[in-house]
Amino acid sequence: MVELDAVDKKIILELLEEPKASLRSLAASVGIALGTASSRLKSLQDRGIIKGWLVDLDPAAIGWEMTVIVGLRIEKGQMMEVQQQIAADPRVFSVYDVTGDFDSIAMARVRNREQLNALTKEVFSNEGIIRSFTHVVLNTVKESSVVPPF
């Protein structure tokens, strides 16, 4: 784990609040010089703490109406290969190793039932998958890829 000082933490919290903040605005909000803000931001990126800058799309607004969560039971010794095949599909946005009833959980978005049917047959029925358990999300109460770190 990387140690962060108070200034780094303030920069991160400001960027979580306003990711499009200018460097000048960021420096003013944190209470540091513009040059310091620039070098600190570069350091956070170089150390892999800030991995990139993303556009946060509303999937439904661009036609991806259904989110599915799929629990998978995978044959022993095939976990990594199966997960890599699943992760390669552009409809799949998350793949996890988990404990409990499943070996892996995948999350995907599809436009409609027909695409869900195709995804199930093309991806979640691959060799090495013993069984898949598909859950269709009815309503998203909260969805965020960022947990406030401090």
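This briefing covers the cores, the aromatic pair, the salt bridges and a surface patch of one structure. The model is predicted: local features need pLDDT of at least 70, side-chain atom pairs count only at pLDDT 80 or more, and totals for chains, interfaces and linings use all residues. Residues are numbered from 1 along each chain as its sequence is written, and side-chain values use heavy atoms, with hydrogens and water left out.

**Nonpolar cores**
- The largest nonpolar core holds 16 residues. A core is a set of buried Ala, Val, Leu, Ile, Met, Phe, Trp, Tyr and Cys residues joined through side-chain atoms within 4.5 Å. Buried means under 20% relative accessible area, exposed over 50%, partly exposed in between (1.4 Å probe, protein chains only).
- Two or more residues each come from strand 1 (66-74), helix 4 (79-87), strand 3 (104-110) and helix 5 (113-122). Helices (H or I, at least four residues) and strands (E, at least two) are DSSP runs, numbered from the N terminus.
- Strand 1 gives the largest share of this core, five residues.
- Beyond its neighbours within four places in sequence, Ile86 is in contact (heavy atoms within 4.5 Å) with residues including Leu72, Val92 and Phe124.
- A second, separate core has twelve residues, among them Leu4 and Leu44.

**Aromatic pair**
- Rings of Phe, Tyr and Trp (its six-membered ring) pair if their centres lie within 6.5 Å; planes under 30 degrees apart count as stacked, over 60 as edge-to-face and the rest as tilted.
- Phe102 and Phe133 form this tilted pair, at 5.2 Å centre to centre and 50 degrees between the planes.
- Phe102 sits in the loop between strand 2 (92-97) and strand 3, Phe133 in strand 4, 31 residues apart.

**Salt bridges**
- There are seven salt bridges. Each is a side-chain nitrogen of Lys or Arg within 4 Å of a carboxyl oxygen of Asp or Glu.
- Arg47 and Asp8 meet at 3.0 Å, N to O. Arg47 lies in the loop between helix 3 (34-46) and strand 1 and Asp8 in helix 1, so the pair ties together parts 39 residues apart in sequence.
- Asp8 is buried at 5% relative accessibility; Arg47 is partly exposed at 36%.
- Glu122 and Arg91 meet at 3.1 Å, N to O.
- Salt bridges that share partners join Asp5, Asp8, Arg40 and Arg47 into one network.

**Surface patch**
- Leu13, Leu16, Val146 and Phe150 form a nonpolar surface patch with about 320 Å² of accessible area together. Patch residues have over 30% relative accessible area and no salt bridge: like charges are joined within 9 Å, nonpolar side chains (Val, Leu, Ile, Met, Phe, Trp, Tyr) within 5 Å. Areas come from the Shrake-Rupley method with a 1.4 Å probe; for residues, only the protein chains shown count as cover.
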